[in-house]
Amino acid sequence: GLSLPVAHEELKYWRGQQADTTLYRNTTFLSPNFYMSLYKNNKMQISMNGRMSTSAPSLTYMLDVKDTLNPQYRNVFNPNLKNSTTYCLSLYSRFTFKRSFLNFDANYYNTRNQIGSKSVVDLTKNLRTSTPMNIDGNWSSDFSIGYDTPLGKGDEWRLKDDVRYDFNNSV
């Protein structure tokens with residue numbers, strides 16, 4: 001499927017003599033997704049899901065001003081920030097053997113132009129300056145495998161075991 005959400009935003013920003021401005025933004029986000037699934041005789045299920053989502057940085061971060069009201073802390077906003085886009089891919093499979101089940105699950109997430117903050121400390125002036133910025137390289141993945149089987153003739157008692165592995169790459 002494909003959705004095209006639209007955001008209408010307005011920011012009135014006043015900060016004494018430093019800034020008095022109004023920002024407007026109309027943004028259309030492209031958000032495609034897909035889903036595929038395969039079933040075979042209630043013995044096997046395999047599915048894949050993919051999606052992309054986009055978000056815009058806060059309008060406050062987009063101001064072309066320096067916030068210097070605190071003499072030890074300075075915010076320098078960034079009007080050149082880009083929209084962030086997150087890509088997700090998921091795979092799932094389930095196999096049935098009489099009354100037992102074996103599951104596999106894998107996911108991958110990658111965010112482009114994620115909003116982060118860069119901080120610089122000047123010890124000679126006792127001043128910290130922060131600036132929002134776009135960051136690439138953040139991604140994560142996970143994988144799990146699980147087994148489920150009855151103990152004995154009935155389903156009153158079951159043995160279940162799951163193992164999961166997660167990895168996060170943050171820059």
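This is a predicted model: local features need pLDDT of at least 70, side-chain atom pairs count only at pLDDT 80 or more; totals for chains, interfaces and linings use all residues.
Which strand gives the most to the nonpolar patch?

**View 1. The nonpolar patch on the surface comprises F143, I145, V163, Y165 and F167.** Strand 13 gives the most to this patch, contributing three residues. Together, the five residues of the patch have about 450 Å² of accessible area. Two or more residues come from each of strand 12 (138–150) and strand 13. Y165, one of the patch residues, is located in strand 13.

View 2. Strands of a sheet pair through backbone hydrogen bonds, in either a parallel or an antiparallel manner.

**View 3. Strand 1 runs antiparallel to strand 4 (residues 31–40).** Two bridges join this pair of strands. L2 has P32, in strand 4, as its bridge partner.

**View 4. S90, in strand 8 (residues 84–97), makes a polar contact with N107.** The contact links the side chain of S90 to the side chain of N107 at 2.7 Å. S90 has a relative accessible area of 15%; because buried residues are those under 20% relative accessible area, S90 is classed as buried. When neighbours within four places in sequence are left aside, the residues in contact with S90 are S47, M48, N49, A106 and N107.

**View 5. T111, in strand 9 (residues 100–112), makes a polar contact with T86.** The two side chains, of T111 and T86, meet in this polar contact at 3.2 Å. The relative accessibility of T111 is 14%, and T111 accordingly counts as buried. Leaving aside neighbours within four places in sequence, T111 is in contact with S84, T85 and T86, and also with I135, D136, G137 and N138.

**View 6. T111 and G137 are 26 residues apart along the chain.** Their C-alpha atoms are separated by 7.4 Å. G137 is also among the residues in contact with T111.

Note on methods:
Residues are numbered from 1 along each chain as its sequence is written. Side-chain values use heavy atoms; hydrogens and water are left out. Helices (H or I, at least four residues) and strands (E, at least two) are DSSP runs, numbered from the N terminus. Buried means under 20% relative accessible area, exposed over 50%, partly exposed in between (1.4 Å probe, protein chains only). A polar contact is a pair of N or O atoms within 3.5 Å; within protein, one must be able to donate a hydrogen and the other to accept it, and residues adjacent in sequence count only if both atoms are side-chain atoms. Contact means heavy atoms within 4.5 Å. Two strands pair if DSSP finds at least two bridges between them. Patches are made of residues with over 30% relative accessible area and no salt bridge: like charges are joined within 9 Å, nonpolar side chains (Val, Leu, Ile, Met, Phe, Trp, Tyr) within 5 Å. Accessible areas come from the Shrake-Rupley method with a 1.4 Å probe; for residues, only the protein chains shown count as cover. A salt bridge is a side-chain nitrogen of Lys or Arg within 4 Å of a carboxyl oxygen of Asp or Glu.
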